[in-house]
Amino acid sequence: MQAQDTHENSVKSGRGSGEAPLVEMRDISISFGGIKAVDHVSVDLYPGEVVGLLGHNGAGKSTLIKVLSGAYQMDHGEILIDGQPVEIANPRDARANNIETIYQTLALADNLDATSNLFLGREMTTPFGLVNDAAMEAECRKIMAQLNPNFQKFNDPVSALSGGQRQSVAIARAVYFNARILIMDEPTAALGPHETQMVADLIHQLKAQGIGIFLIDHDVHAVMELCDRASVMKNGKLVGTVDIADVTDDDLLSMIILGKQPAQKAE
Amino acid sequence: MTETSSQPVPEKAKPSLFQQLELDMRLLGMIGAFVILCIGFNIFTDGRFLTPRNLFNLSIQTVSVAIMACGMVFIIVTRHIDLSVGALLATTSAVMAMTQTELLPQVLGMGLNNPATWAITIVVGLLVGTLIGAFHGWMVGYLTIPAFIVTLGGFLVWRNVAWYLTSGQTIGPLDSTFLMFGGTNGTLGTTTSWLFGLFATAIAIWALWSGRRAKAAHGFPVKPVWAEATLAGIIALAILGYVYIVNSYAIPTRRLQRMFEARGETMPEGLVVGYGIPISVLILIIVAVTLTIVARKTRFGRYIFATGGNPDAAELSGINTRLLTVKIFALMGFLCAVSAVVASARLANHSNDIGTLDELRVIAAAVIGGTALSGGIGTIYGAILGALIMQALQSGMAMVGVDAPFQNIVVGSVLVLAVYIDIVYRKRLGAK
């Protein structure tokens, strides 16, 4: 398996060159109280690729992805990373597999500062086992200088930050720890146009580094712009997965709304 | 460091001299309230409140509630509550009383006042307290029963387990060494107290200095030197001032005579010996310093505050919040047992009503000390100050001669008022 390397010059990244996908979620099902939130869905992701997950509210896209990030337990199915089956029982397991998630709800502890949030669960410690705040703040300042050079509020709790600033903390957290697989759940939902552009630039940058990204979004235009492929879900089922290059906005919309696979476009 | 970490901070309005001290306004407010309270009572009692004797007593009366309040901060910060601390204190106290008066001397035949009795007793007590606390935490964390219910049940259960263990009798006298943890029966003496005071001052200044050095090493802004020095001066004054006060409370002559007689010596005429720092206060200081370090400088503490701020975020960050809950309640149980040592040793016996209503005093102390019931916010020193303010209020009113019902009416009103002031203060600050 030569899946580790990324081919930056190939348009479709690792896909199509016979490599194993970075992530493969096979035949995943999960139900809550008899309702099938995700019903036998399979999706995959190659290095350096952005796969959009589209669908209405309640289509099951967030639930599907929470199985990968360890927040939910699947009832049925299999997850493979680099072709190897893995067990993801909780968020710690996901992190151990270099899967990082940026949640819609941001998942920041409001009462802590940016540095504490960035390193939450993975604090740097001194030789005595105490947390090394000064060293962590220095690292935090470094990464924030790259992501959001205007960011200055290092000693305030994140509750005092704007939506964009909070988002940059959440992104910094996902990027800092050498993620290979990044899950972004509506990363631009709370952001203004300038900040949205910032996130888009970041996605291109991460893609170039060979990181695989699952992007969950309502917005068809954003998906058309940022993604290589899109998987559309409706009522817990997978409608289909398409190459963005082969479809139009309208094709995607009809998949989302009508659950209809675009004719003759299937691979 | 690279250039990025030393970007110039945009110049805001020049901070005032006072702001440069970077003091916690809430802490200042509480100290202010405490000082006003003390001066007020001193005036109404014709100077009997601010005497070495009364301040000494005030500190040993505060210890038991203050130790538990430290643990309650962590409980409330993680959005839980513990209504069982008074009952848990009673159970651990009963266990220790039975261990030192029945189990060790009679069942195991070690006899009364065996030199090992106090140590074995305390180990047993701490173990029992920690296990019961952990059991509560397991029910809250893993069985997801609300803490309110678990500890409300615990409140009834442990209060009556204590009753059952002792058949409702007052158990005493306790082991003579054990009694040293109570207050007047065990103090450091004047010389050791001064040495301790100097040592504590040195540690505090070292902590300030090393914190400053760590910041400076990474090129972060630091306070001006004069502000740092002022702070160090205030801390030194507080520590050494307390030592001076407890050292100038002289052991009563009659008592001193008995102490000499017990050793078969005669007391020199006109000898004056100060008490010095009570061992129970020393225990409180150790608990407070340790837990403050835990809260600020350990992963455990960081996770406690993160969980309180956003439990989902903590869980998604890979923190095992269930196990964390067990640990926090186990710590609370441990501290209840420590308080039980202090409380029963102070009373010199175990009585059936020991720790009654302590759960409410402990919660009130934590809340007056700025711990937010909505979680995520709270400090150890705040809780101790809260306990001190409550005790000062209670003792002061008793000294002034306020009728018993009015005492509790005032304490209750002060609790509500303190929380209201806190809410107003936080709104002004713009924080949550």
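Guide: Strands count as paired if DSSP finds at least two bridges between them. Helices (H or I, at least four residues) and strands (E, at least two) are DSSP runs, numbered from the N terminus. This is a predicted model, in which local features need pLDDT of at least 70 and side-chain atom pairs pLDDT 80 or more, while totals for chains, interfaces and linings use all residues. Residues are numbered from 1 along each chain as its sequence is written, chains are lettered from A and ligands numbered from 1 in the order in which they are written.

Visitor: What makes strand 1 and strand 2 of chain A a pair?

Guide: Strand 1 (residues 23–32) and strand 2 of chain A share 7 bridges, in the antiparallel sense; at least two are required. Within strand 2 of chain A, A:L45 is the residue opposite A:V23.

Visitor: Which strands of chain A are called edge strands, and why?

Guide: The sheet of chain A is open, with 4 strands in the order 2-1-4-5 and antiparallel pairing. Strand 2 (35–45) and strand 5 (84–86) of chain A are its edges, each pairing on one side only. From one strand to the next, the twist averages 30°, with axes fitted as lines to C-alpha atoms (for helices over the stretch in contact) and angles from 0 to 180 degrees between N-to-C directions.

Visitor: How do you know which helix packs on this sheet?

Guide: By contacts, meaning C-beta atoms, placed from the backbone, within 7 Å. Helix 1 (residues 61–69) of chain A touches strand 1, strand 2 and strand 4 (76–81) of chain A, and its direction makes about 115° with that of strand 1.

Visitor: How far can chain B be trusted, and where does its pLDDT fall below 50?

Guide: The pLDDT is the predictor's confidence in each residue, from 0 to 100. Chain B averages 89, and 94% of its residues reach 70 or more. The pLDDT is below 50 over residues 1–12 of chain B. Where pLDDT is low, the predicted coordinates should not be read in detail.

Visitor: How many residues make up the contact between the chains, and which helix of chain A gives the most?

Guide: Chain A contributes 25 residues and chain B 32. Helix 4 of chain A gives the most to its side, with 6 residues.

Conventions
Two residues are in contact if their C-beta atoms, placed from the backbone, lie within 7 Å.
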